[in-house]
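Here's a quick tour of the pockets and charge pairs in this one.

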Amino acid sequence: MCPAVAEAQGSRTLTLAEVIGMAQTESPDAVSARNTYKSAYWSYRNYRASNLPALSLASNPYLNRSTDYVTMGDGSVSYVKQDNVKTDLSLAVTQNVWFTGGTFQVSSTARRLDLLGTRSTTYNVQPLYLTYQQSLFGYNSLKWDRRIEPVRFREARKAYNEALELVASQTSNHFFNLATAQTNLDIASSNYASADTLYRYAEGRYNIGTITENEMLQLEINKLTEETNMMNARIEVEDQMQILRSFLGINREVELRVVTEGDVPKFEIPLGDALKMAFNNSPEPDTYERMKLQSQSNLAYAKANAGLKADLYVQFGLSQTGDKFADSYRNPMNQQYASIGISLPILDWGRGKGRIRVAKSNVDLVNTQAEQGMKDFEQNVVRMVRQFN
């Protein structure tokens with residue numbers, strides 16, 4: 001029966017390649033692995049985007065009609081009615097600098113002030129403004145992200161490929177379990193048919209007295225035994241079929257019939273090639289590398305927060321004011337601003353030193369775990385290759 005006719009009758013005949021293709025595309029395990037990889041992919045894309053220039057446009061217009069106190073030139077305070085509209089527009093390009101951990105920004109801003117009471121207008125323009133800020137002795141998250149995130153993404157990509165191969169392996173087991181059960185059912189059905197034929201033939205001989213009652217009972221017991229075997233084989237087929245349907249994510253009660261094609265090739269895997277492929281394709285080496293980098297990052301964070309902290313902020317730009325918009329661009333004046341904020345813990349009762357020691361101990365622990373993990377990984381590959389060969 002062709003697959004199209006079989007499927008129309010509520011059954012499908014599948015080969016191993018077709019079942020593996022369905023499992024790697026539609027099975028719940030494959031869908032879960034694909035969604036996990038997508039999450040890692042977009043997280044990596046977000047990291048890459050953070051290293052690219054960002055362009056932003058901002059505006060914050062507002063109307064102010066209120067009475068507020070103003071300090072006069074002689075030190076006295078007078079309440080003055082405010083009646084104005086302020087509008088502004090700012091365009092900025094921001095770039096993170098990973099090797100210093102700072103942020104560089106180039107911006108241009110135009111402001112307009114309308115005094116509603118006097119109906120006068122004033123413009124203030126900053127055609128070019130340069131800003132740079134960073135922590136001088138702090139934790140450089142950009143540098144550590146640059147080292148960790150590519151490893152994390154490579155680990156996720158390999159884990160996804162490994163998950164698909166595991167799905168293929170599990171699918172093969174379910175496929176051949178069903179194939180074995182169907183073969184056993186065919187054998188049991190054939191045995192039952194033979195036993196039933198012998199029993200019916202023996203009935204005729206018994207009626208004419210050519211065989212004894214004991215021989216007749218033995219043939220009847222044999223028939224009942226083969227019928228029981230056939231029923232058990234049919235139940236096993238239903239169980240294995242349900243397991244395969246569930247693994248493939250097939251919710252419909254479709255009868256599956258699997259067929260094997262060709263012979264299993266005989267081959268051996270060279271140990272050196274297997275080790276090379278395992279180190280290149282398995283996510284475990286990248287997992288241990290990421291763990292070591294993260295522990296070193298935590299140590300750098302603990303050291304940065306335990307000692308001297310200093311934040312640098314520098315601005316340089318051009319600015320001008322005028323009653324007309326064009327006048328605000330003539331003969332712009334220089335503006336500079338720089339500040340350094342310093343913080344030094346004097347007495348913290350050893351908390352900073354304690355965090356550093358904990359982080360150092362964690363680095364040593366992770367290095368030991370990674371070293372032992374890689375040894376175990378290599379031994380597992382060697383053992384599996386020897387067992388396979």
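## The second pocket

Sorted by class, the residues lining the second largest pocket come out as six nonpolar, three polar and two charged. Keep in mind that this is a predicted model. The volume of this pocket is about 160 Å³.

Who's in the lining? The residues are Thr15, Leu16, Ala17, Phe175, Phe176, Val259, Thr260, Glu261, Gly262, Asp263 and Val264.

## The largest pocket

Now for the largest pocket, with a volume of about 950 Å³. Its lining takes in 21 residues, and Glu162, Glu165, Ala278, Val381 and Met384 are the ones nearest the centre. Two or more lining residues come from each of α4 (141-207), α6 (271-281) and α8 (351-388).

How does the lining of the largest pocket split by class? There are twelve nonpolar residues, five polar and four charged.

On to the charges: the structure has 13 salt bridges. As a reminder, side chains of opposite charge can pair when their charged atoms come close.

Glu149 and Arg152 are both in α4, three residues apart, or about one turn of the helix, and their side chains form a salt bridge with an N to O distance of 3.5 Å. Glu149 is buried, at 12% relative accessible area, while Arg152 is partly exposed at 31%.

The salt bridge between Arg290 and Glu155 has an N to O distance of 2.5 Å. Arg290 belongs to helix α7 (residues 284-306) and Glu155 to helix α4, so this pair ties together parts that lie 135 residues apart in sequence. Is Arg290 buried or exposed? Arg290 counts as buried because its relative accessible area is 15%, and buried means under 20%. Glu155 is buried as well, with a value of 13%.

Finally, take a look at Asp327 and Arg330. These two form a salt bridge, with their closest N and O atoms 2.9 Å apart. Asp327 is partly exposed, at 27% relative accessibility. Arg330, on the other hand, is exposed, with a relative accessible area of 52%.

How values were computed: Residues are numbered from 1 along each chain as its sequence is written. This is a predicted model: local features need pLDDT of at least 70, side-chain atom pairs count only at pLDDT 80 or more; totals for chains, interfaces and linings use all residues. Side-chain values use heavy atoms; hydrogens and water are left out. On a 1 Å grid over the protein atoms alone, a cavity is a set of points where a 1.4 Å probe fits but cannot get out, and a pocket is an open set with protein on both sides within 12 Å along at least five of seven lines; lining residues have an atom within 4 Å of a point. Grid points are joined across faces, edges and corners, and a volume is the space filled by probe spheres set on the points. Helices (H or I, at least four residues) and strands (E, at least two) are DSSP runs, numbered from the N terminus. Ala, Val, Leu, Ile, Met, Phe, Trp, Tyr, Cys and Pro count as nonpolar, Asp, Glu, Lys and Arg as charged, and the others, Gly among them, as polar. A salt bridge is a side-chain nitrogen of Lys or Arg within 4 Å of a carboxyl oxygen of Asp or Glu. Buried means under 20% relative accessible area, exposed over 50%, partly exposed in between (1.4 Å probe, protein chains only).
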